[in-house]
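Dear colleague,

Please find below the structure I am passing on to you, with its sequence. My findings follow directly after it.

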Amino acid sequence: MQEQLTALKHEALDKAEEAKSEQDIQAIRVAYLGKKGPITEVLRGMGKLSAEERPIIGALANEVRDEIKNKLDEKSKKLQEAAIKQQLEQESIDVTLPGRPALQGAIHPLTAVITEIEEIFLGLGFSIGEGPEIETDYYNFEAMNLPKDHPARDMQDSFYVTEDLLLRTQTSPVQARTMEKFAGKGPVKVVVPGKVFRRDDDDATHSHQFMQVEGLYVDKKVRMSDLKGVLETFAKQFFGQDRSIRLRPSFFPFTEPSVEVDVSCGICSGKGCRVCKQSGWIEVLGAGMVHPRVLEMSGFDANEYSGFAFGMGVERLAMLKYDIDDIRQFYANDLRFLMQFKDV
Ligand code: DAH
């Protein structure tokens, strides 16, 4: 029986040594140490042994069992370590490789242009204002001297929310809102950037939604020459010192007199080319002296105060400055377009 046990031990230890995986280990463990294994079998047959033999065989069987068990545990540990080592070798990373740069975005050209316009007017003593995009009929039209049924309303076919509420068609209503806040006491000197909405067919130069910057300066003795000086300074700073402006008579219900402002063409320096349609000038904004009725409706005494106002289209200014030929580019979210403004 002793020999049998020793033979079993060697057999099990050899197999353990050759085990290649955790499954092999488990199979050997079951085969030799399991309830139905040969060692258990020997221990079970101990009853038949003589009193002298019993402790000797018992001790040996326990010893053999422990030895096999230890060997299997040890081998199992080695296999695990080898597996981890192999995994580490396979997954090794080369820390000397150059990193992959994260894609860096760019400021949207419209945001960049608005910021630039704001900075120029901040430099001229204006502050920045704002107003709601959903506006009442009163502020959008009536306070701007466009009473109900005024024909000029047709030019701004609109998105109505209710009969009295609409998406504002212009930033001009913020003129009235701002003047009301000043309660009849000037000076008021603001520029107001914001979105405006008109029911329009979208094409290369029209969009149902676009952006404007409104300007308003109300004080005692504000004159048309102040308007011209401010707009000329703006045009030179925005487009370049070599540019000049001209005023042409126009009509807006909220200004009197009203003007259309052109800037000299940057392509031909005013000589006339395809871009300016041979005129040497490009129209950039509308402006005028605030209509006395607009002043009065918003709480200013028109005998004491005067003012000028202007409104410019942000997309149009951006298109002229950066030679963009289609307004829809601003809203298409095409990275090939947007990334060109990375350094603007
Ligand atoms: N609100 C006008 C528009 O949307 C633009 C405008 C013209 C604003 C003349 C003004 C102004 O303040 O004086 O077409």
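Please note that the model is a predicted one.

Strand 8 (residues 281-290) deserves a separate paragraph. Eight of its 10 residues are buried, so the strand is largely enclosed by the rest of the structure. Strand 8 runs antiparallel to strand 7 (residues 255-264), to which eight bridges join it; here I282 of strand 8 stands opposite V263. Strand 9 (residues 306-313) is also antiparallel to strand 8, and five bridges join the two. Among the bridge partners in strand 9 are F308 for M289 and A309 for G288.

Two annotations come from an unreviewed UniProt entry. The record places a "coiled-coil region" at residues 61-89. In the model, that stretch is 100% helix and 0% strand, with its end C-alpha atoms 42 Å apart. The record also places "domain: Aminoacyl-transfer RNA synthetases class-II family profile" at residues 111-340. Over this range the chain is 27% helix and 28% strand, and the end C-alpha atoms are 14 Å apart.

With kind regards

How values were computed: Residues numbered from 1 in each chain as written. Predicted model: local features only at pLDDT ≥ 70, side-chain atom pairs only at ≥ 80, totals over all residues. Heavy atoms only, no water. UniProt positions renumbered as here; feature names shortened; annotations may be inferred. Helix = DSSP H or I, 4+ residues; strand = E, 2+ residues; numbered from the N terminus. Buried < 20%, exposed > 50% of the residue type's maximum accessible area, 1.4 Å probe, protein only. Pairing = 2+ DSSP bridges.
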